[in-house]
Amino acid sequence: MYQIECESCPHEWMLGSAATRIQKSRAKLAEYIKASKEDVVLIENCTAATASVIRAVGLRAGDTAIHLSTAYGMVKNCLSYCAAATGANVVEVKVEFSRRMAPVSRNGHPLDLVLAKTIDEAISKGSRVALVTFDYISSCPGVIMPVHTLAKVCKSRGVPCFIDGAHVLGQLKLNCFALEASGVTFFMSDAHKWLFSPKGSAILWVSRSAQTDVYPSVIGAVCSNSPATSFHPDAIRGLSDFELRFQYTGTRDYTPMIAVSDALSFRKRIGENVILGYNHGLALWAQEWLSTTWRTEILVPPECTAAMAHVRMPIQWSGAAVLLNRMLKDKYAMHVMCFALPARDHLGEAVQTHWVRPCVQLFISRNDVLAFGLAVQELAPRCDSVAKYFAKWQASSRARKQLRATCMAPVMAHKITLGFCVAPTEPVLQQENSAHELADESHVQHMSAESSDVAAVAKYSAGNLGSGPSCSVGVGFTRNSSTSAPRRVEHKDALFKPRSISNEKGVGDVRQSPNSVIDFMGTACTSLLGASV
């Protein structure tokens, strides 16, 4: 509806109607998250919000930015890019999970204490801790983090705190006033994930004291050079500089931001408590039933779960997780997030574990969970079996390749060129030697009519072929002449028995540098007939 309205009169829409409706959406949203409207702006997504925040803190050479290991990949990438460009350092604090307790750090140490120690160590080395960022609800796994406790650690040390709340809006009740009191400086969240708003709608909340340096990733304008193409006064009246910067960021589709108001109205009709209660309750039931059916485990306690369940998959091999995910899509049209967690030190694990993260929403029922659980139960053993044998084959293949590389090490200095010609069976075939052949050698070789002829040529560049330990390089022949002409080799006995020609050395024991080598195992060739030889 909004897009049709926009296209019917783009000029009036952009300068008046859209701008006015964006202000209304912001006002409703501020009430929903318990914040002042002046501190909340609408933005296209959390990626753009992250860029704005990291640019605002002004990373410099020698600075330190800290994130948890659960940080979303986009946040890590953005921090790494800005740190590399400025000479700052990025430090990661590891997070581990267990059903018995809230998220902890390595070896079960309390997360807030480890974060405090990390900040203090950076400061003691003379580094400015420019930013600490962590999730409100992490992505994979989707676990509720102790944000107030962690924010207080930052506040007590005067460090800006940035919360990635991409999954929070619509999953949990928010109170930005409480977050600010705990020490949060920046908060962002997507509206399209759980709030029922279209893609292209997100929020950025910034504490009043930090708004001066926060700009959108794209710098726009609120007016042009012509008075006839300026915003309607009512659309921008009373806006602060911070609000004006995000009001207009170029020609684009602003309808998703406007639709946030409709999403909030929809939630109000159903009841916010009804939505949150249904999703949370079904998520808890789902992970209990799935873990029991699969005979596995749940990742975190109920108080760390919102509307995303976490259950260990009934598989052992990493390749099985990818295969299972694909088969669920292809066979049952089911999509679920699969992810791996590193071995958890505090549980004494030695290998990574594999998990699923079923998301619960109003349109999901218990029947959907049952169907998913039974589908995994059917496919998991098959996927695990395939992944197991593939892993064993891969390991064996790597071992053979390593062995071959080790055996061929002494002859690597020689450049080998091979050519094969499969000749038709004839009673007698002849091959002339080159002018460099020794004078006492025969110029004709014979082959019985019962077998095919194979002519082989080997050329190599000079080098110390005999260096290193001796090794077997397969079946072939060597000559003492400076170059070797093509020789006839019987494809039955000659390929599998050592030759007894005088002045020739067997390839099985490469102790002296021969003039030519044919390695039938390690070289891919093609016959004149077009078939692999």
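I began at aspartate 368, which sits in helix H13. Helices here are DSSP runs of H or I with at least four residues, strands are runs of E with at least two, and both are numbered from the N terminus. This is a predicted model, in which local features need pLDDT of at least 70 and side-chain atom pairs count only at pLDDT 80 or more, while totals for chains, interfaces and linings use all residues. Residues are numbered from 1 along each chain as its sequence is written, and side-chain values use heavy atoms, with hydrogens and water left out.

**Helix H13**

I looked up the exposure of aspartate 368. Its relative accessible area is 37%, so I logged aspartate 368 as partly exposed. My cut-offs: buried is under 20% relative accessible area, exposed is over 50%, and partly exposed lies in between (1.4 Å probe, protein chains only). Next I checked a contact across the chain.

I then moved along H13, which spans residues 366-407 and includes arginine 404. Arginine 404 has 49% relative accessibility, so it is partly exposed.

**Salt bridges**

How many salt bridges does the structure hold? I found 20. The criterion is a side-chain nitrogen of Lys or Arg within 4 Å of a carboxyl oxygen of Asp or Glu.

I picked out arginine 252 with glutamate 44, at 3.1 Å from N to O. Arginine 252 is in the loop between H9 (241-247) and H10 (255-270), and glutamate 44 in the loop between S1 (40-43) and H3 (46-57), so the pair ties together parts 208 residues apart in sequence. Arginine 252 is partly exposed at 22%.

I also noted glutamate 349 with arginine 344, whose closest N and O atoms are 2.6 Å apart. Both residues are buried.

Lysine 94 meets glutamate 96 at 3.5 Å, N to O. Glutamate 96 is buried, at 2% relative accessible area. Shared partners join Lys94, Glu96, Arg106 and Asp345 into one salt-bridge network.

**Sheet**

I traced an open, antiparallel sheet of 3 strands in the order S10-S12-S11. Its edge strands, S10 (311-312) and S11 (337-341), each pair on one side only. Pairing requires at least two DSSP bridges between the strands. S10 and S12 (residues 353-357) are joined by 2 bridges. Arginine 312 has tryptophan 355 of S12 as its bridge partner.

**Backbone**

Which peptide bond did I log as cis? The bond from cysteine 140 to proline 141 is cis, with omega near 5°. Proline 141 lies in the loop between S6 (129-135) and H6 (147-155).

I logged positive phi at asparagine 107, near 60°. Asparagine 107 is in the loop between S5 (101-104) and H5 (111-124), and is partly exposed at 47%. Alanine 333 also has positive phi, near 55°. Alanine 333 lies in the loop between H12 (318-332) and S11, and is exposed at 69%.
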